[in-house]
Amino acid sequence: FPTTTPSPSPSPVFEESGSIQIRLAGGGLSGRVEVLHNGIWGTICDDGFTQQTAHMICRRLNHNGAVHPYFFTEPSLTSMPIWLDDLSCNGSGTSISQCAHRPWGSNNCHFTENVGVYCTNSTQV
């Protein structure tokens, strides 16, 4: 995969166990979910992505939870690898490393299937 430049104004990066780093491209409370693998930032496909997974990601980024996931379509991402597909986290997971998914880089997705999340800091999540 080609290397990519970091997305503009990314949110703070959270390093999970196993050196998995996640961030929201665009910063703030919403954006495309990106993960760092082998030194290269990539995306997560929306296949199998659930509200529970969105909540876990937002909590790992120090937000209270997720309002909802969404599909993120951006033609400029064609060179960014899709690292994770069929990512599915159950309610007890606290890290992507604890979630089921295809092997890193193995996917049947197109760049139009990247996932984003709307996080919230509301106490009513």
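My entries below go through salt bridges and then one asparagine.

**Entry: what I am looking at.** I am working with a predicted model.

**Entry: salt bridges.** I began with the total, and the structure holds four of them. I looked up Arg32 and found a salt bridge to Glu34, with 2.4 Å between the closest N and O atoms. I then checked accessibility for both partners: Arg32 is buried at 3%, and Glu34 is buried at 0%.

**Entry: Arg102 and its partners.** I noted a salt bridge between the side chains of Asp85 and Arg102, 3.3 Å from N to O. Asp85 and Arg102 lie 17 residues apart, each in the loop between strand 6 and strand 7. Arg102 also forms a salt bridge with Asp86, where the closest N and O atoms are 2.7 Å apart. Asp86 sits in that loop too, 16 residues from Arg102. Salt bridges that share partners also join Arg23, Arg32 and Glu34 into one network.

Which of these side chains are buried, and which are partly exposed? I found Asp85 buried, at 0% relative accessibility. Arg102 is partly exposed at 28%, and Asp86 is partly exposed at 31%.

**Entry: Asn114.** I moved on to strand 7, residues 114-120, where Asn114 is found. Asn114 is buried, with a relative accessible area of 1%. What does its side chain contact? I found a polar contact of 2.5 Å between the side chains of Asn114 and Thr43. I also saw the backbone oxygen of Phe111 at 2.9 Å from a polar atom of the Asn114 side chain.

Key. Residues are numbered from 1 along each chain as its sequence is written. This is a predicted model: local features need pLDDT of at least 70, side-chain atom pairs count only at pLDDT 80 or more; totals for chains, interfaces and linings use all residues. Side-chain values use heavy atoms; hydrogens and water are left out. Helices (H or I, at least four residues) and strands (E, at least two) are DSSP runs, numbered from the N terminus. Buried means under 20% relative accessible area, exposed over 50%, partly exposed in between (1.4 Å probe, protein chains only). A polar contact is a pair of N or O atoms within 3.5 Å; within protein, one must be able to donate a hydrogen and the other to accept it, and residues adjacent in sequence count only if both atoms are side-chain atoms. A salt bridge is a side-chain nitrogen of Lys or Arg within 4 Å of a carboxyl oxygen of Asp or Glu.
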